[in-house]
Amino acid sequence: MIKARRFAWLLPILSASPAYAHAPVAGIEGFYIGLLHPFSTPSQAALMFGAALVVGGFGVEKARWQLGTFLVVSFAGLFLGSAASDLDATMFAVAFAGCALAALFPGKMAPAAIALAAVGGFLIGSASIPDDGPARDRLFIMSGSMIGANVGLLYLFGVINVIRERYTWAWVSIAFRVAAAWLGAISLLMLALAFVDTPTPA
């Protein structure tokens, strides 16, 4: 069985120094911007961490289905989604659903986890569509976003899995469920605020 600690080599990829953004390849800065894009807004960060908590409840053998689904559907969202859509409320809703699943049924209801990975991946892909501009710059940004999203989710899953394997105390599982409930509550609050009408100044 593949040990999740093997994912640790991905850390240098996620923590690349900004100094590399000054590489001689034109437009490469967009790639590094894209790497961080899946975590650049509260809604995307909530969705990514919520997805990680869901996937982290499963072992490596089962989690590969959620991770693979997220990978494939994130690319589908990138090419089939709409850059004009406001996805924040939807992402908070999916983040809440994922956190609820992770808190109430950790490591269970695999079909529901796969469905959430699919919806979450499509939303992240859609949110990664860059504004109009030179095709080369857009390609760099989209490539960075897809790598950042999928490697980021894989690494978060690896960290959670290593902690679960190394520390088998009952309170560790409880702590992850509490973290999922806490993030779910925040996502639900942000979702509610998204529907509150902003008073118009007199």
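1. The lining of the second largest cavity splits into 6 nonpolar, 2 polar and 2 charged residues. Here Ala, Val, Leu, Ile, Met, Phe, Trp, Tyr, Cys and Pro count as nonpolar, Asp, Glu, Lys and Arg as charged, and the others, Gly among them, as polar. A cavity is a set of points on a 1 Å grid over the protein atoms alone where a 1.4 Å probe fits but cannot get out, and lining residues have an atom within 4 Å of a point. Two or more of these lining residues come from each of α3, α7 and α8; helices are DSSP runs (H or I, at least four residues) numbered from the N terminus.

2. Keep in mind that this is a predicted model: local features need pLDDT of at least 70, side-chain atom pairs count only at pLDDT 80 or more, and totals for chains, interfaces and linings use all residues. Residues are numbered from 1 along each chain as its sequence is written, and side-chain values use heavy atoms, with hydrogens and water left out.

3. The second largest cavity holds about 60 Å³, a volume being the space filled by probe spheres set on the points, which are joined across faces, edges and corners. Its lining includes Leu53, Arg164 and Arg177.

4. Now the largest cavity, at about 110 Å³. Gly50, Ala51, Val54, Leu116 and Ala117 are the closest to its centre among 16 lining residues. α3 gives the largest share of that lining, 5 residues, and no charged residue takes part.

5. Phe70 is worth a click: beyond its neighbours within four places in sequence, its contacts (heavy atoms within 4.5 Å) include Met48, Ala117, Ile124 and Leu153.

Conventions. 1 Å grid on protein atoms, 1.4 Å probe; cavity = no way out; pocket = protein on both sides within 12 Å on 5 of 7 lines; lining within 4 Å.
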